[in-house]
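Please work through the following exercises with the sequence and the structure open beside you, and try each task before reading its solution.

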Amino acid sequence: MAIPRQLPNAITIVRILCAPVFVWMLLADGGADGPLRWWAAVLFIVAIATDGIDGYLARRHDIVTDLGKLLDPIADKALTGCAFVGLSILGELPWGVTILVLVREVGITVHRLIVATDHVVAAAWMGKLKTVAQAVALSLALLPLWTVVGDWIHGVDTVAMWIAVLLTVTSGIDYVVTAVRAATSSATGRTS
């Protein structure tokens, strides 16, 4: 069965549009552990899960586009960035963690946009692993599971977040090294 060529990109755009709605839901009641917090977490989980859906559809139906390769990581960063900032505003995540993650995410996104006129930089496997780790860690942090299972879940949240941060930094370094090698190789190719 054929699907509309624009469907994967439309899903990605919806993910971007979910980010401000998610932030409003998370912050509307000051981070109370009530229904809005649960709904914010559910919206985040559903929206971040569409990352796999749009990519699968694009690859399965051979409709991968340069726009999709560009928008997909931006959508992920918009959603996860909003979650990091929201958790820091609520005092549940140190601002240092959020700033470190945002510097990496914004820096790489800006680089992708700068080089987009020459070529589109698709996400590498380490970047995809980082996104999954962030999605898991943020989902655990957003869901007020402590109200159901007890405070021990905070330890699980902390471990998951440190894994996500470690992968964020490591994948950022990997991206920079790969970009420098590509630029050096390209420059060498032009001079020879």
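**Exercise 1.** In which helix is Trp95 found, and is Trp95 buried, partly exposed or exposed?

Solution. The model is predicted, so local features need pLDDT of at least 70 and side-chain atom pairs count only at pLDDT 80 or more, while totals for chains, interfaces and linings use all residues. Residues are numbered from 1 along each chain as its sequence is written, and side-chain values use heavy atoms, with hydrogens and water left out. Trp95 is found in helix H4, where helices are DSSP runs (H or I, at least four residues) numbered from the N terminus. Trp95 has a relative accessible area of 42% and is therefore partly exposed, since buried means under 20%, exposed over 50% and partly exposed in between, with a 1.4 Å probe and protein chains only.

**Exercise 2.** State where Lys128 is placed and how far it is from Asp76.

Solution. Lys128 lies in helix H5, residues 125–142, and with a relative accessible area of 48% Lys128 is partly exposed. Lys128 and Asp76 are 52 residues apart in sequence, and their C-alpha atoms are 10.0 Å apart in space.

**Exercise 3.** Describe how the axes of helix H1 and helix H3 are arranged.

Solution. Two packed helices are described by the angle and the distance between their axes. The axes of H1 (residues 7–27) and H3 (residues 66–89) come within 9 Å and cross at roughly 10°, which makes H1 roughly parallel to H3, as angles under 35 degrees count as roughly parallel.

Technical notes:
Axes fitted to C-alpha atoms, helices over the stretch in contact; angles between N-to-C directions. Helix = DSSP H or I, 4+ residues; strand = E, 2+ residues; numbered from the N terminus. Parallel < 35°, antiparallel > 145°, perpendicular 65-115°, else oblique.
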